[in-house]
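Welcome to this short tour. Open your viewer, get the selection tool ready, and follow along one stop at a time.

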Amino acid sequence: MRVLGVDPGLTRCGVGVVEGVAGRPLTMLGVGVVRTPTDAELGHRLVAIERGIEEWLDEHRPEFVAVERVFSQHNVRTVMGTAQASAVAMLCASRRGIPVALHTPSEVKAAVTGSGRADKAQVGAMVTRLLRLDAPPKPADAADALALAICHIWRGPAVNRLQQAHAVAARGPRVSRTPAVPVRKVPR
């Protein structure tokens with residue numbers, strides 16, 4: 001499975017591609033950051049993020065895109081920018097028919113480090129170890145993107161099975177379309 005992880009942000013949007021399957025060694029295929037100038041107009045920044053993500057999709061051809069789920073913070077302005085960058089990543093993938101998965105920061109931390117409360121240094125150290133890198137990717141946004149990809153490789157198949165089961169259950173019980181056969185009572 002090849003996954004593009006996206007740690008959304010307006011100034012620095014971390015991107016990383018990991019290939020592998022759960023239970024086997026993983027391979028990093030690329031890592032980087034799509035940057036936009038803080039003084040540029042919002043629309044131009046979003047277009048720059050789109051172009052950057054499209055380049056990563058063209059180059060690496062992932063089967064899945066894993067994006068960090070935006071959660072509310074105290075700074076609404078930061079949340080809005082993160083949500084907008086997240087939407088651009090989802091749009092780019094969906095336009096190509098690539099499935100998108102959203103993972104919470106605590107879910108990613110728990111998958112990679114074993115603790116949903118791990119700090120950025122712990123995540124970077126574990127990403128380095130799991131991908132057999134010489135040093136943690138810099139900046140932290142890049143390491144977080146790789147952690148998202150790893151999380152999806154390890155948890156994605158189980159999440160997909162759960163979603164399919166919920167979809168089947170939501171449809172309700174199957175009703176037979178064949179005519180009912182009368183039941184005869186057998187005398188005792």
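Start by selecting helix H1 (residues 42–60) and helix H2 (residues 76–95): their axes come within 9 Å and cross at roughly 40 degrees. Axes here are lines fitted to C-alpha atoms, for helices over the stretch in contact, with angles from 0 to 180 degrees between N-to-C directions. That angle makes H1 oblique to H2; angles under 35 degrees count as roughly parallel, over 145 as roughly antiparallel, 65 to 115 as roughly perpendicular, and the rest as oblique.

Next, show the side chains where the two helices meet. From H1, pick Leu42, Leu46, Ile49, Glu50, Ile53, Glu54 and Leu57; from H2, pick Gln84, Ala85, Val88, Ala89, Cys92, Ala93 and Arg95. These residues make the contact, meaning heavy atoms within 4.5 Å. Which kinds of residues make up the contact of H1 with H2? They divide into 10 nonpolar, one polar and three charged.

Now zoom out to the whole protein. You will find five helices and five strands, in the order β-β-β-α-β-α-β-α-α-α along the sequence. Helices (H or I, at least four residues) and strands (E, at least two) are DSSP runs, numbered from the N terminus.

Finally, colour by burial: buried residues make up 38% of the 188 residues, where buried means under 20% relative accessible area (1.4 Å probe, protein chains only).

A note on the model: it is predicted, local features need pLDDT of at least 70, side-chain atom pairs count only at pLDDT 80 or more, and totals for chains, interfaces and linings use all residues. Residues are numbered from 1 along each chain as its sequence is written, and side-chain values use heavy atoms, leaving out hydrogens and water.

Terms used:
Buried < 20%, exposed > 50% of the residue type's maximum accessible area, 1.4 Å probe, protein only. Nonpolar A, V, L, I, M, F, W, Y, C, P; charged D, E, K, R; others polar.
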